[in-house]
Amino acid sequence: MSDREPAHPATPAEVTDIVTGIVLHRRAGTAWKVAFAASCALTALLAASIAVLLVRGVGVWGIAMPVAWGFAITNYVWWIGIGMAGTFISAALYLTRQGWRSSLNRFAEAMTVFALAVSALFPVLHLGRPWFSYWLAPYPDRMGLWPQWRSALVWDFFAIGAYVVVSLLYFYVGLVPDLAAVRDRARRRGQQVFYGLLALGWRGEAREWERHATLTKILAGLAVPLVFSVHSMVALDFSEGLLPGWHSTLFPPFFVAGALFSGTAMVIVLAVPLRRAYALGDFITDGHLDKLARLMLAAGLVVTYGYAAEAFTAYYGGDPQELAVQSNRLHGAYAWLYGLTIACNSVAIQALWWPRVRRSTPALLVIAALVLAGMWMERFMLIVTSLYRDYLPSSWGMFYPTWWDAAFLAGSIGLFALLFLLFVRLMPVLSIVELRRHAAELVDRRA
């Protein structure tokens with residue numbers, strides 16, 4: 001069975017009816033309602049946590065000297081990494097003409113937009129005075145107040161800003177023809193107006209298709225290098241400092257590989273329940289999951305190489321500061337965290353060498369969930385183990401997360417889930433245009 005086409009023959013019209021039917025005719029099931037209620041509760045928790053933070057300050061978190069970065073920066077790096085893979089899977093595979101992307105690109109692009117929206121919260125809240133966050137933007141100011149270009153916060157602002165704009169445009173441009181298809185099949189007046197406004201008057205003329213294809217190629221060409229530049233910029237937040245454990249030229253490629261690793265795992269976590277809940281097994285096939293598993297394995301091997309290279313460089317170079325950091329990770333107070341990180345990110349993925357595991361949805365879902373947890377722990381380990389020990393015992397200090405740290409992490413997951421659940425109910429979750437094209441090619445070949 002080819003993973004470029006549905007498992008069962010479908011005409012282009014049937015493809016459109018199936019995908020638009022999820023939006024227009026299918027009612028929300030019990031599982032969706034339960035997930036929606038849980039995500040609303042967690043989002044409300046996040047809103048309450050933000051309100052407390054604005055009133056009481058960042059001291060509600062467990063951060064203190066010497067560990068001045070904690071869960072907030074960990075969450076930021078984790079979420080922005082997850083957002084990288086969605087655009088890569090869609091844009092890079094589009095430019096290389098990989099047909100199997102057609103069943104994955106739409107919700108992968110949505111994942112990118114929502115993950116970036118969540119990640120952008122944490123640098124702003126971590127400022128201490130988030131109401132002055134607009135100072136990061138270089139706007140005309142009579143007071144002569146300009147951004148501090150040597151600050152990593154300014155780099156983050158431009159990195160996230162550029163990537164959000166390109167990703168949002170790329171996501172929306174691909175949606176326009178599908179929104180027009182939903183508009184044309186809608187029977188309620190409210191739905192016709194809603195989707196008609198979003199479709200921007202799309203009529204499917206040859207000129208529109210030509211411009212749509214040109215714009216898609218341009219945005220895809222911009223998005224692919226941004227995947228690498230944005231997370232390299234995040235890595236420079238650490239490596240431009242002189243702190244042992246951070247000051248490393250390995251960080252930019254290591255962070256990019258980690259972003260693709262965790263982002264691919266999130267695509268799998270979303271794809272498996274999505275195809276089960278909406279009976280999309282004819283479109284999101286075992287072959288698609290197999291390819292995602294291979295991509296996750298490849299990225300995971302690069303991440304594992306990064307762990308090995310970091311340890312080898314420390315011991316081979318003999319730098320006492322780097323040796324101390326490596327010793328703390330292996331034998332210090334957070335050694336258990338280092339062990340769990342290696343187990344989730346390097347050991348668990350070895351099962352993906354077997355085709356049976358790659359095509360087993362329960363096993364794949366468990367491994368992807370372990371990878372997501374492992375990548376969060378890896379970010380946390382990277383931050384804390386370089387900060388909690390210094391060469392003055394008087395400045396040593398452990399990091400103890402507070403209840404509010406956990407609330408922000410859980411709330412960010414809830415906000416992401418809420419946005420994705422609303423997307424599933426309101427927008428075409430699969431690309432109708434791409435699937436119709438492959439269905440037409442299949443009909444022509446069989447004719």
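Is L382 buried or exposed? L382 counts as buried, at 4% relative accessibility. Here buried means under 20% relative accessible area, exposed means over 50%, and partly exposed lies in between, with a 1.4 Å probe and protein chains only. The structure is a predicted model, in which local features need pLDDT of at least 70, side-chain atom pairs count only at pLDDT 80 or more, and totals for chains, interfaces and linings use all residues. Residues are numbered from 1 along each chain as its sequence is written, and side-chain values use heavy atoms, with hydrogens and water left out.

The protein chain holds 16 helices and 0 strands. Its radius of gyration is 23 Å, close to the 22 Å that the globule rule gives for 447 residues, so the chain is as compact as a globular protein of that length. The radius is taken over C-alpha atoms, and the rule is 2.2 Å times the number of residues to the power 0.38. Helices (H or I, at least four residues) and strands (E, at least two) are DSSP runs, numbered from the N terminus. Along its principal axes, the C-alpha trace spans about 75 × 60 × 40 Å.

Of the 447 residues, 52% count as buried. The accessible surface of the chain is about 20,400 Å², and 66% of that belongs to carbon and sulfur atoms. Accessible areas come from the Shrake-Rupley method with a 1.4 Å probe; for residues, only the protein chains shown count as cover. Contact means heavy atoms within 4.5 Å. Among contacts between residues at least 6 apart in sequence, 81% join residues at least 24 apart.

The largest nonpolar core has 132 residues. Such a core is a set of buried Ala, Val, Leu, Ile, Met, Phe, Trp, Tyr and Cys residues joined through side-chain atoms within 4.5 Å. F107 and F423 touch the most other members. Beyond its neighbours within four places in sequence, F423 is in contact with R106, F107, A110, F114, F171, P428 and V429.

L382 lies in helix α14 (residues 361-384). Outside four places in sequence, L382 contacts G245, W246, F251, F255 and R329. The C-alpha atoms of L382 and F238 are separated by 9.5 Å, although the two residues are 144 apart along the chain. T16 belongs to helix α1 (residues 12-24) and counts as buried at 2% relative accessibility. Apart from residues up to four places away, T16 touches G21, A181, R185, I432 and R436.

A117 gives another view of a helix. A117 is placed in α4 (residues 105-119) and is partly exposed, with a relative accessible area of 39%. Most residues other than glycine have a negative phi, and most peptide bonds are trans. A cis peptide bond joins M65 and P66, with omega about 10°. P66 is in the loop between α2 (30-56) and α3 (71-95). R97, in the loop between α3 and α4, has a positive phi near 60°. R97 counts as exposed at 71% relative accessibility. L200 also has a positive phi, about 60°. L200 is exposed at 60% relative accessibility.
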